[in-house]
Every structure is written in C-alpha cells, then in structure tokens.
Amino acid sequence: MFKKVFVEKDILHLKRTQGILNKISYKKLEEIEKVEDIFGRVKKPYLQKRTELNLFLGKKKGELVKEAPEAYGTKGDPHFYFVHAYNCIYECQYCYLQGYFHSPDLVIFVNHEEILKEIEKKIDETDCGSTPWFHAGEYSDSLALTNITGELPIYFDFFKDHPTAKLELRTKSANIRELLKIAPLKNVITSFSLSPEKAIKSYDLKTPPLKTRLKAMKELFGKGHPIGLHLDPVIFEVDFEASYSLLLTDLCKSIPLEKLEYISLGVVRFSKTVFHQVKKNYPNSPLLAEDFIKGSDGKVRYKRPMRYWILNKLKDLCIQYGANPENIYLCMEDED
Ligand code: SF4
C-alpha cells in the first residue's frame, strides 16, 4: 500500500505504532525526528496519491483541539475539532485538502491521550448547560482507516466517562468493522456524508458506492449507534431534486429520517486556493460547469440566491420524507 513509511523515533517502540505497522504493507521504513521535518517540505503533486503514497507516523504537536468555524454544527453549542490524521485515501474532486498541505501523503498521529487531555480541558471550561461537541477528521476521514489506526475504543472509553460532551465521527466510508465491536454511546454520533449515486460516481472518486454506505448506516443504526447525516456538498445538476428524492427514498429504507440525530445541508464551496487546485487537477469536471462567485469572505461558491434556493428545496424534501425540521441545519451559510 505505501512506498515508504516514516516513523518518529520516539514512537517507534510503542505498541500502538507497531500495531499499525503490522497491518500495512510498505517497501521501506525510515526513522525520523519529527514528521514536520519531512512531510510537505518538498511540494508533491496532489494526484500523485494515485500512484505513490507514503505514510508518516508521529505525534501531533501544537494546538491539539481547535474551535470550529461558525455554522460548523448544530446551533447554540460550542464546537471544536481535533486532528489525528492528515489526508485521505479517497479522492473527492472538490476536496479541501487539495492545496492545503503540500503533499497528499498520509499522516497518522498516535498521541490520542494528549488529544483527550485537551478535550477534557475544553469540557471543563464549557458553561454548565451547554453541550461541547468534538468533531474528528477535519483533515481526513474519521472511519476510513480505523481498522488500521485502532483509536476508536480509546475515544469511546473517554466519552463514556464524559456524557455531557459529544463526539462526531464524520465519514464517507463504510468501514464500520471496528465500530461494530464497540457498545454504542448516546453521545458518540457517526455521521455519513451522502450524495446521489450519480454524483458519487462523478465526483467522489474511490469512495464506497451509495448502496454500501446505506447498508453500513442501517447496520450501525440497528446496533444502536446514533447516526447523523450530511447532504454536503450538494453540487447543482438540473435534475438535483429528482436525484435527492431517490437518495432519500433509499435512505428511508435504512433509517427513518426522524431517527437521525441531525441532518446538515451544504452547497459546494471552496477557498480560492482549493478552487485553483480543482481547476488544475480536474479541468474537465462537470463540477466546474456552473458559475461560481468569490464572496467577501474569500469563498468561491454559487451565487447566494442559488445556494439558498438549493438548500431550501433540499430542506423541504427532507421534511417531506419525515425529517424533524428542528434537526436540520445549514452548514457554513451564515455569511454573505
Ligand atoms: S472523503 Fe473527505 S477528506 Fe477524503 S477526499 Fe473526500 S472530501 Fe476529502
């Protein structure tokens, strides 16, 4: 799977590190001082991830838990995200990771206890009565590699002891093997990002098909795991209402919409840098067929009336299919 694995000297001996190394295949291992000494130092084209991928194992340094941007999650509660990996095995054409790091190589951090200590501090600082949310996988997919990385039980143990806080595992994968081994918790929500099958085939390269993700959702829900839904990013197509109706019809066969913890809706959007990368990496993508504008916040997206028209249509559709309106929120749509 990997051409080369770079491992920080300090963590090479750890059982956790050895556990990861035993589960992957690679051609060469190199001991290094720090991930940041090598990762992204020489610019590597994003699409090189198709043919040649390296893996870095190390400790996450710096700010381990960060405040999430506004409108990141359900309204009224503080939201934070933490980072235990960089980059992703999938290749969504709109992915914000293009141009974010200088390299598509995967980085896995193993110092989960330190991350949890920071999470605990944020919980202690949170006002009584509000629920702090912690989102995993801001720079990666939260579940795609969990059978290799093995961190889920550590986070479940922690959140079992901190029932006033919530953890969101956000994913486009169907890799629920490890989750199924763990007893569900009310405050750990697995949220799936879904798009109509046609859009998955066109834009979400290498991700599992819709059918497989729906099956995974059904199985997890059946075992009692709380499930969230992201219909995000929505990419406009003339038949988008019909495509999403079909998607919601299929979803209802797996989970009644009123049983979902929340539904988040968002329209495709990019930073200026990412948009430039998308044009470079996927010049013929139908994703680029629509007119985009650059807003005062620097984001590139559809014009505001179009965004709100799409989001309101989708919201109405979800309600029509049984969703509780109070559980639907619009992601990243508060700015002009
Ligand atoms: S699943 Fe998420 S992180 Fe992975 S390529 Fe797609 S958008 Fe990027």
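This is a predicted model: local features need pLDDT of at least 70, side-chain atom pairs count only at pLDDT 80 or more; totals for chains, interfaces and linings use all residues.
**Strands β1 and β2.** I followed β1 (residues 2–8) and found that it pairs with β2 in the parallel sense over six bridges, where pairing asks for at least two bridges found by DSSP. Strand β2 (residues 26–32) is hardly covered, since the count of buried residues among its seven is zero. A residue is called buried if 20 or more other C-beta atoms, placed from the backbone, lie within 10 Å of its own, exposed if 12 or fewer do, and partly exposed in between.

**Cores.** I then turned to the nonpolar cores, which are sets of buried Ala, Val, Leu, Ile, Met, Phe, Trp, Tyr and Cys residues joined through C-beta atoms within 7 Å. The largest has 63 residues, and F82, F134, L167, L231, V234, I263 and L314 have the most contacts inside it. Helix α9 (residues 210–222) gives the largest share of this core, five residues. Apart from it lies another core of 16 residues, and V5 is among them, as are F6, L55 and A85.

**Around V234.** Not counting residues up to four places away in sequence, V234 touches F240, G266, V267, V268, I310 and L314, contact being C-beta atoms, placed from the backbone, within 7 Å. I looked at P233 as well, which is found in strand β13 (residues 227–234) and is joined to D232 by a cis peptide bond with omega of about 5 degrees.

**The three-stranded sheet.** I traced an open sheet with the order β15-β17-β16 and antiparallel pairing. Because β15 (269–270) and β16 (293–294) stand at the edges with a single partner strand each, one side of each is left without a neighbour in the sheet. Two bridges join β16 to β17 (residues 300–301), and K294 stands opposite V300 in β17.

**Helix α11.** In this helix (residues 272–281) I found F275, Q277 and V278 to be buried. They cover an arc of only 160 degrees around the axis, which puts them on the same side of α11; the arc is that of the directions from the helix axis to the C-beta atoms. What covers these buried residues includes β15 and β17.

**L317.** This residue lies in helix α12 (residues 304–320), and I recorded it as partly exposed because 18 other C-beta atoms lie within 10 Å. Setting aside residues up to four places away in sequence, L317 touches E241, Y244, S245 and L248. The C-alpha atoms of L317 and L248 are separated by 8.3 Å, although the two are 69 residues apart along the chain.

**Positive phi values.** N87, in the loop between β6 (85–86) and β7 (91–92), has a positive phi of about 75 degrees although it is not a glycine. N87 counts as buried because it has 24 C-beta neighbours inside 10 Å. K206, in the loop between β12 (204–205) and α9, has a positive phi near 70 degrees, and its 13 C-beta neighbours inside 10 Å make it partly exposed.

Terms used: Residues are numbered from 1 along each chain as its sequence is written. Helices (H or I, at least four residues) and strands (E, at least two) are DSSP runs, numbered from the N terminus. Two residues are in contact if their C-beta atoms, placed from the backbone, lie within 7 Å.
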